[in-house]
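Please have the sequence and the coordinates open while reading. The text walks through one model, part by part.

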Amino acid sequence: MRSDYSPLAQAVESFLASRPRGARWLEWLAGRQYRLAAFPDRSRPVVVVAHRGHNPARAEQVAHAIEHGWAETPPQCRDAYEEILEQAPGLIVVQVRRKNVCGCLGHRHMMVKEAPFSEPHDAFGDALVGEMDIAFDRVESWLAQPLMDTALDTQFIAGSRRKQFHNQQLRFRLLSILLHETHHMVAPQAPEDVVRERSLTFYREALANYVEIARASLSLTIDRSFSRLGKE
Ligand SMILES: [Zn+2]
């Protein structure tokens, strides 16, 4: 259990575990599993990553983005979402899918459909519940900032650094989608271009910051994979 920092996450974990065996068994058969994740610097919102249990890696990436990726963004990225996260529902169910029929990266849902969360429960306390979906494979192949993504990619030529870079890039994308849809939840009237601009700025600044730090640490160790970076 990773939720020791959030009383709400603990309460929800206990609630999920305390349900009758039969209900949990049916849920397992239906391919539903839940992985709770909380931001390291705040107790709410708690994110319930709902996924089909046979591929937990995608759900883990989403949870990892929240638990670790968030802390690796520069302060201005987190500040830009402070108010939105403050007003967000206390519990956010994220349905992780591979693809969406419509081809979107994610949507917020008008109603909570995920069974254990669709009805109020004492364990949720005063927390409201919101729900969204994220199309994982689409996010993975999405060029959020085509010029920047491609330019950075050529800098990490090969090997483990590139793998690390891609993992981090994916986490920042997942976070930016999660934050984008949370923004829609909190401000349903906000125009799409305003919501989008904020989430793309988040992604751009998080990634630029990561690259800058990677670059600085590598220039100390004179890593050959960075030889093309130069100092123009
Ligand atoms: Zn949108």
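The model is predicted: local features need pLDDT of at least 70, side-chain atom pairs count only at pLDDT 80 or more, and totals for chains, interfaces and linings use all residues. Residues are numbered from 1 along each chain as its sequence is written, and side-chain values use heavy atoms, with hydrogens and water left out.

His180 and His184 are about one helical turn apart, because they sit four residues from each other in helix H8 (residues 160-186). Helices (H or I, at least four residues) and strands (E, at least two) are DSSP runs, numbered from the N terminus. His180 counts as buried at 10% relative accessibility, and His184 does so at 8%. Buried means under 20% relative accessible area, exposed over 50%, partly exposed in between (1.4 Å probe, protein chains only).

Strand S2 (46-51) is largely enclosed by the rest of the structure, because six of its six residues are buried. Val46, Val48 and Ala50 cover one side, while Val47, Val49 and His51 are on the other. S1 and S2 run antiparallel and are joined by six bridges; strands pair if DSSP finds at least two bridges between them. Gln33 stands opposite His51 of S2. With S3, S2 pairs in the parallel sense over five bridges, and Val93 in S3 is the bridge partner of Val48. The loop between strand S1 (33-38) and S2 holds Pro45, which is joined to Arg44 by a cis peptide bond with omega about -5°. Most peptide bonds are trans.

What holds the most contacts inside the largest nonpolar core? This core has 42 residues, and those with the most contacts inside it are Phe39, Ile66, Trp70, Val94, Leu174 and Leu175. H8 supplies the largest share of this core, nine residues. A nonpolar core is a set of buried Ala, Val, Leu, Ile, Met, Phe, Trp, Tyr and Cys residues joined through side-chain atoms within 4.5 Å. Leaving aside neighbours within four places in sequence, Trp70 is in contact with residues including Phe39, Tyr81, Leu175 and Phe202; contact means heavy atoms within 4.5 Å. A second, separate core of 17 residues includes Val12, Tyr34, Val48 and Phe124.

The structure holds eight aromatic pairs. Rings of Phe, Tyr and Trp (its six-membered ring) pair if their centres lie within 6.5 Å; planes under 30 degrees apart count as stacked, over 60 as edge-to-face and the rest as tilted. Phe15 and Phe124 form an edge-to-face pair, 5.4 Å centre to centre with 90° between the planes. This pair ties together parts that are 109 residues apart in sequence, because Phe15 lies in helix H1 (residues 7-18) and Phe124 in the loop between strand S4 (106-109) and S5. Phe15 is buried at 9%, and Phe124 at 2%. The pair of Phe165 and Tyr210 is stacked, because the ring centres are 6.4 Å apart and the planes are at 20°. Ring pairs also link Phe15, Tyr34, Phe117 and Phe124 into a cluster.

Two single residues remain. Val139, in helix H6, is buried at 0% relative accessibility. Not counting residues up to four places away in sequence, Val139 touches Leu105, Ile134, Leu170, Arg173, Leu174 and Ile177. Glu27, in helix H2 (residues 21-29), is buried with a relative accessible area of 14%.
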